[in-house]
Amino acid sequence: MIDDLWYKNGVFYCLSVGTYMDANADGVGDFTGLLRRLDYLHGLGITTIWLMPFQPSPGGDDGYDISDYYGVDPRYGTLGDFVEFTHGCQQRGLRVIIDLVVNHTSDQHPWFRDARKSKDSPYHDWYVWSDKKPANAGKGMVFPGVQKSTWTYDKEARAWYFHRFYDFQPDLNTSNPHVQAEILKIMGFWIQLGVSGFRMDAVPFVIATKGAKVRKAVEQYDMLRSFREFLQWRQGNAIILGEANVPPKTDMEYFGNDGDRIHMMFNFHVNQHLFYALASADTRPLAKSLAATKPRPATAQWGLFLRNHDELDLGRLTKAQRELVFRKLGPDKDMQLYNRGIRRRLAPMLGGDRRRLELAYSLLCTLPGTPVIRYGDEIGMGDNLDLPERNCARTPMQWSTEPHAGFTESNKPILPVIDKGPYGYEHVNVAKQRRDPNSLLNWTERIVRMRKEVPEIGWGDFKVIPTRDPAVLIIRYDWRNNSVLFVHNLDEKPREISFAVGLPGEAAKLLVNLLSEDHSQANQSGKHMLLLEGYGYRWYRVGGLDYLLKRSDIDTDATGKASHPAWEKSSMRSPDGAKRNPGLSRKRVNLSRIALRAIRATRGGTPYPRYAPMITPSSPRKSTAPCIFSPCRSRKVESKISPLRPATSDAIETGSAPRFSAITAVPAALSRR
């Protein structure tokens, strides 16, 4: 297994530039202000900053209606300011990922403005048109109750255009190879400016077929592989974090059986069942959702979150479960949105109860995946339900008791700062909590630091340990001869439980608490007896604190054989013949490295991303060549590498151009084991 997959054990932090810190007193946050707050973020312990859209935009959908993919909104600064920001992040060891919003553009984008002028426009086919209003125009809206249709008539074009979101966000025809090439160019542009990856917006819509005649959209999963291959050539450690609220049975289609598509996905399935567990004190559906989303390639990772910039989507729950969550966490109609979710921030949703907030964050940090924190939640910020739709939870960051919470010196901030009630900035702000050693901010900093010291969560296999109490969740992780165990009581009442760790040997008899001196010693029958307070939680390391001396350099199973947690329950096999899940075997990784060295030799030592080796006689799509970064099942390679040549526009038109791809033929001798 590759040890330097940085996203496997990181902590992400999502923020909006426009509401974080205003340095020039115009009421809008900017990159200069954000740069000045990097030391705060570094001190919090996060490893990656996820930026919401900051490109030029009319602002109809909070920046998700982009009018120029290659610029910075003037309100936020310049490209120079952005580069200074990424440089400041690199100095502090922080990575940056940005939103990649390529399902649609703004209707003010030059592409769409040119496309609507004439069918002869080179950009006309970049969008989805119909001469007549499609029969299904009233179906498939993303914002039901607010959005009336997915097709709108354009007077200038004298045709109907498709928009999955608002009518000012026309969908791009992502099946068009020219559009796909432009997406790669956008990714390459920002990679050059210092970003480490992208959070891809609305992935299922990006890869779906679109059009008036499309009755049932078909997902073009190979598109995800092309995006990943391009990133691997440009910057080997860049990632794609996908927003895909899809059923667990399709997860592997997005990750790829060999881990050759997107690197990470948000785990919406677990998120929704987690909130049901918080509302009902019943962890059984949550445990089932963990089992349903367990299969994934060894190099893939889940993104775990509590709240994000959108509503809390409950669409995957049953009607009864959804109604219970509404009743417990968002009972008023103005707290609900689109008939499927809750638009509140976490703290007011949980009643401002410090015990419940700690419990929720403890679960965020100990469920399988990489935690993603929403800005302001580390201090328990509230919401403003007077603001429309999702804006209620997008108010400016509360830094101090200075006017407008220290966010700006302007009297007209981009959104009103919360200044009333228990969540007003005079009560909830960074400066005040920084001085209080027992504050939520300082607790969050400690829990983030401890989470990074427990790589078993990000890398290891997990097992939910059964209990007779549905309110208690016990989960154990095993990785490289080390094990950790976490216990959570989701009920307000105390719980007394008895359980066995489930590991052989003397180590399982001792559980060392990582957060306090409350350790546990097993009784004579090998079981641990715990008394958990209401909303209580425990972080244990199994067997003592000498775990670093016991940690193996390779993945092993319980018998000590080379293995990996993701190798179980699959038709694929590990190098020693054991069945495994899709993932990178060591032999294939070695083959990939050999092949990469061979290709570099043909290029003078450095892969040049604008050029790709032509594969003959087959087309790249039909080639049986192994992937350089993600091994394919096929091993028969007889094709040769022909001279390099650039992809021209004519070649793209005829379909004969090489793709920006990491799929390359290698000499037949190198392809055999």
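A polar contact is a pair of N or O atoms within 3.5 Å; within protein, one atom must be able to donate a hydrogen and the other to accept it, and residues adjacent in sequence count only if both atoms are side-chain atoms. The model shown is predicted: local features need pLDDT of at least 70, side-chain atom pairs count only at pLDDT 80 or more, and totals for chains, interfaces and linings use all residues. Residues are numbered from 1 along each chain as its sequence is written, and side-chain values use heavy atoms, with hydrogens and water left out.

View 1. Threonine 408 is found in the loop between β14 and α14; helices (H or I, at least four residues) and strands (E, at least two) are DSSP runs, numbered from the N terminus. With a relative accessible area of 5%, threonine 408 is buried. Buried means under 20% relative accessible area, exposed means over 50%, and partly exposed lies in between (1.4 Å probe, protein chains only). The side chains of threonine 408 and aspartate 22 are joined by a polar contact of 2.5 Å. The side chain of threonine 408 also reaches the backbone nitrogen of serine 410, at 3.0 Å. Apart from neighbours within four places in sequence, threonine 408 is in contact with Asp22, Ala25, Gly27, Pro403 and Pro413, where contact means heavy atoms within 4.5 Å.

**View 2. Helix α15 and its packing.** Helix α15 covers residues 440-452, has 13 residues and reaches 18 Å from its first C-alpha to its last. This span is close to the 18 Å expected at 1.5 Å a residue; the expected span is 1.5 Å times one less than the number of residues. Because 10 of its 13 residues are buried, α15 is largely enclosed by the rest of the structure. Among these buried residues are Trp443, Glu445, Met450 and Arg451. The buried residues of α15 pack against α2 (38-44), α13 (354-366), β14 (370-374), α14 (430-434), α16 (456-459) and β22 (537-542).

**View 3. Aromatic pairs.** The whole structure holds 38 aromatic pairs. Rings of Phe, Tyr and Trp (its six-membered ring) pair if their centres lie within 6.5 Å; planes under 30 degrees apart count as stacked, over 60 as edge-to-face and the rest as tilted. Tryptophan 151 and phenylalanine 162 form a tilted pair, 5.3 Å centre to centre with 50° between the planes. Tryptophan 151 belongs to strand β5 (residues 151-154) and phenylalanine 162 to strand β6 (residues 159-162), so the pair ties together parts that are 11 residues apart in sequence. Tryptophan 151 is buried at 3% relative accessible area, and phenylalanine 162 counts as buried at 9%. The rings of tyrosine 221 and tyrosine 254 have centres 5.3 Å apart and planes at 85°, so this pair is edge-to-face. The pair links distant parts of the chain, 33 residues apart: tyrosine 221 lies in the loop between α6 (203-206) and α7 (222-234), and tyrosine 254 in helix α8 (residues 251-255).

**View 4. Arginines over aromatic rings.** The charged end of arginine 37 sits over the ring of tryptophan 399, 3.8 Å from its centre. Arginine 541 lies over the face of tyrosine 547, at 3.5 Å from the ring centre. A charge sits over a ring if NZ of Lys or CZ of Arg is within 6 Å of the ring centre and within 35 degrees of the ring normal.

**View 5. Salt bridges.** Side chains of opposite charge can pair when their charged atoms come close. A salt bridge is a side-chain nitrogen of Lys or Arg within 4 Å of a carboxyl oxygen of Asp or Glu, and the whole structure contains 36 salt bridges. In one of them, aspartate 222 pairs with arginine 261, the closest N and O atoms being 3.5 Å apart. This pair links distant parts of the chain, 39 residues apart: aspartate 222 is in helix α7 and arginine 261 in the loop between α8 and β9 (264-266). Aspartate 222 is partly exposed, with a relative accessible area of 37%, whereas arginine 261 counts as buried at 14%. Arginine 354 and glutamate 358 also meet in a salt bridge (2.8 Å, N to O). These two residues are separated by about one helical turn because they are 4 residues apart in helix α13.
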